Amino acid sequence: MTHSLVNPYPAGQDAVQRIALGAFAIGLLALVIAAFGPGEEFPQLFFWLAVVLGPTGGAVYAVRNFLHRPAGVRNEQVWHRSLFNRGMVAWVFGIVLTGFYIALYWGPDSYWGSAALVRVFDPLSNLLTGSPADRWFLYGAVYTMAVLVMGLRAIAKYRHSNYQVVRTGSIMFFQLGFAFLIPQFLKAMDRPEFYFSYFWPLKPDYLWPEGGYYSFQWILDKGGLGLWMLLFAGVMTFIATPVLTYFFGKRWYCSWVCGCGGLANTAGDPFRQLSDKSLKAWKVERWMIHSVLLIIIAITLLLWVNSFLGGSILGNLSHTLSKLYAFIIIQAFSGVIGVGFYPLLGTRVWCRFGCPMAAYLGILQKYFSRFRITTNGGQCISCGNCSTYCEMGIDVKAYAQRGENIVRASCVGCGICATVCPRGVLKLENGPTHRDREVGNPIVFGNDGFRLRP
Amino acid sequence: MEVRSIVIIGNGISGITAARHIRKRCDDAITVISAESEHFFSRTALMYIYMGQMKYAHIKPYEDRFWEKNRISLRNARVAEVDFEERNLSFSDGSTMEYDVLILATGSSSNRFGWPGQDFKGVQGLYSLQNLESMERDTQGIGRAVIVGGGLIGIEMAEMLATRRIPVTFLVREEGFWNNVLPKEESDMVTRHIRSHHIDLRLSTELKEITADEGGRARAVVTTAGEEIPCQFVGLTAGVHPNIDLVKNTPLETDRGILVDSFLRTNMPDVYALGDCAQHREPQAGRASIEQVWYTGRIMGETVAATVCGEPTAYRPGIWFNSAKFFDMEYQTYGTVPAQPRQGSDSLWWEHPNGKQGLRIVFDSRTKAVLGFNAMGIRLRHTVCDQWIREGAHLDQVIKNLKQADFNPEFTPFAVRY
């Protein structure tokens, strides 16, 4: 009896997938070859191979892989595969990713200034900005491509859930438009390379008087547009964030707009199950993330006081302070550990343990928001799918099996718990008020069905 | 008050719920005994381990530290004998233990109807952790599996094997899948869905015998129609029965299960039984005497805890509810939805043109009071359905306000239209 007759999922790939996979491999190979020199000599050729052909092949392959199978939760075999279960392949991938980030952030200018790899991105950079690429353009382009390619994959994988489809579309849109194209266009027009999708405290220098590359003063020096940008940044941080979080929870940012969340929910999606769900991890998380928030508030206040007093407190120390913050928190934490360790610690390590914006949003969500995840009466069977696939390491079932709503500062509202639940138990909701988010939820009681929890 | 020794045999959802709620209510010593596993795990999630969707650690509802913190002693051992007169347990390793209160939550065993060949290697049911282990072992590299019996465990097994790309032939005695529970339209919908997942579903087909190779391992099944289907694994999933071997030939009164009154008391003093292994002497109107469902086990656990801790509470489980998932198709039910049309009640059935979503509302023919819901591929809000049924809400009101019962994710158009 042949397998093919009654075989749910074709064991091999079809011709289109094989061609697409080949294209992806050629793109990857081209990137490696280009880096050793030829990229400088033939930037056009390697651009088409590595930046156009490779990612297109990757997207076609990944999308088709899911369209081949029925729409539904397709997490089968996740723990049987080395890459997704901290096996050897995962370690190799993690080391390569981490190495890339170390080279990117701390590699010497002497290397990056003349790197053949960067030249591969010149055609795209010339098109968008009119000038050749640098390492940061390369990073932005690779990052955006990862979000787009893996975003298409996520849409194919979760196509049975409109929430996931719309949300993934949103993070792809914001990454491409707000975090890549608009800043490049601004740069081309000799305007501040401003990111409208990042605000203080995630992008602290926007509200620093001086010191950072993007500081207040630096933007202000760019004239009228600069002033408008600063106004936008201030309004987003102090007015829009609390208002939007009150109505929708922190998800409006973390799972719909932010590029860090965007990468986690697209490129990182295959690794989401690796997050640590233990009580201990939750404890560490609360200490760390709120410490980072306090540090960033303290630095910001100090810098402003110092600025008002004409530098009499810190003198030139502001520069050092902001440099130190950028090195430890932004580069080492959000980049090297946050993304480099995807295959080992899961996605959202930065969002969970380090991001001061997430801490700020989390406090708002926990104490002043209509958002909650509702548990559907007594339908929970404690199966554990929700907790396993929670990228923030929340033990969702601990609440669901007690019939309680889930109101957690860290919940980014990605909605995967509700998507993977086999019994329709969880629903992300914006309630009519913030007051009822944790109370009045019925649980099953032995005597005549529902009874309100005292 | 003196501290009693409360011993619970069985660490499934019933026994564990009892233990947790006894701990909430009183200070007695609690011991939970299980031969199957050291810790409580979600039986309904066993399938996901085989599917590679979760690991064993993920299906444990509580962290291991939970038990010590709540002073619930766990004992991974097999009880060989219960002496109800002396209030004494003896274990298979020869040790003994005394109890003041005994709670029996021994669960179920898979049905085997004496089919020829049912004990060959590669033939098994799916209930326990040990079953899962043998299934893992016996399905390595096989060419085909046959599943016999069209209930919830059968379809789970089919899904499990399908994710390993093992071709499955699914023998169902009835002419419609699970049609002793599901009305025809729902049953047809699930039947189509099973086949869309490339399962070779054979309705109205019964097993005659299983044949084996020289090594005593299953090599084919033969149907009553005489067809031989070569296979290397046979799943027997024709239901379960109360696991009461431990208490047979003792003073404890049993029938199919351990007989209990509405307070879950057996005929022996301070001995209770609950969950799958219990058989209610006088079940509530409309309820079965043996209920083998996660949710009822949980409710019985909570009920018996109250009784044991001095607040005698009868098992009155309220409005029936249940849920399942057939491959990618979710199913929820609330209230009374008979499989066959019943005198005095009517029903409305709506089905989406895609054939994958459906909603049935059962109502009283005369008063039009709503009696039950079946939702296929649609999520309904438990509390709202429960309230409508409890209050006997009028059909027109329910249809008008159906959106209140919508529990689907945001951006899902509420598809139901009349």
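In this predicted model, the side chains of A:Asp269 and A:Arg153 meet in a salt bridge with an N to O distance of 3.2 Å, a salt bridge being a side-chain nitrogen of Lys or Arg within 4 Å of a carboxyl oxygen of Asp or Glu. A:Asp269 lies in the loop between α13 (259-265) and α14 of chain A, whereas A:Arg153 belongs to helix α8 (residues 135-157) of chain A, so the pair ties together parts that are 116 residues apart in sequence. Helices (H or I, at least four residues) and strands (E, at least two) are DSSP runs, numbered from the N terminus. Over all chains, the structure holds 44 salt bridges.

Helix α14 (residues 279-308) of chain A packs against helix α18 (residues 356-367) of chain A at an angle of about 105 degrees, with the axes 8 Å apart; axes are lines fitted to C-alpha atoms, for helices over the stretch in contact, and angles run from 0 to 180 degrees between N-to-C directions. That makes α14(A) roughly perpendicular to α18(A), since angles of 65 to 115 degrees count as roughly perpendicular, under 35 as roughly parallel, over 145 as roughly antiparallel and the rest as oblique. In α14(A), A:Ile289, A:His290, A:Val292, A:Leu293 and A:Ile296 meet A:Pro356, A:Ala358, A:Ala359, A:Tyr360 and A:Ile363 in α18(A), where contact means heavy atoms within 4.5 Å. The residues of this contact divide into nine nonpolar, one polar and no charged; Ala, Val, Leu, Ile, Met, Phe, Trp, Tyr, Cys and Pro count as nonpolar, Asp, Glu, Lys and Arg as charged, and the others, Gly among them, as polar.

Between the chains, 65 residues of chain A are in contact with 68 residues of chain B. Together the two chains bury about 5,500 Å², 49% of it on carbon and sulfur atoms, buried area being the accessible area (1.4 Å probe) that two parts lose on being put together, summed over both. The rule finds three salt bridges across this interface, and B:Glu410 forms a salt bridge with A:Arg251, the closest N and O atoms being 2.8 Å apart. On the side of chain A that touches chain B, the largest share, five residues, comes from β2(A), and the residues of that side divide into 29 nonpolar, 26 polar and ten charged.

Two backbone features remain. A cis peptide bond, with omega about 5 degrees, joins A:Trp200 and A:Pro201, and B:Arg71, although not a glycine, has a positive phi of about 50 degrees.

Residues are numbered from 1 along each chain as its sequence is written, and chains are lettered from A and ligands numbered from 1 in the order in which they are written. Local features need pLDDT of at least 70, side-chain atom pairs count only at pLDDT 80 or more, and totals for chains, interfaces and linings use all residues, while side-chain values use heavy atoms, with hydrogens and water left out.
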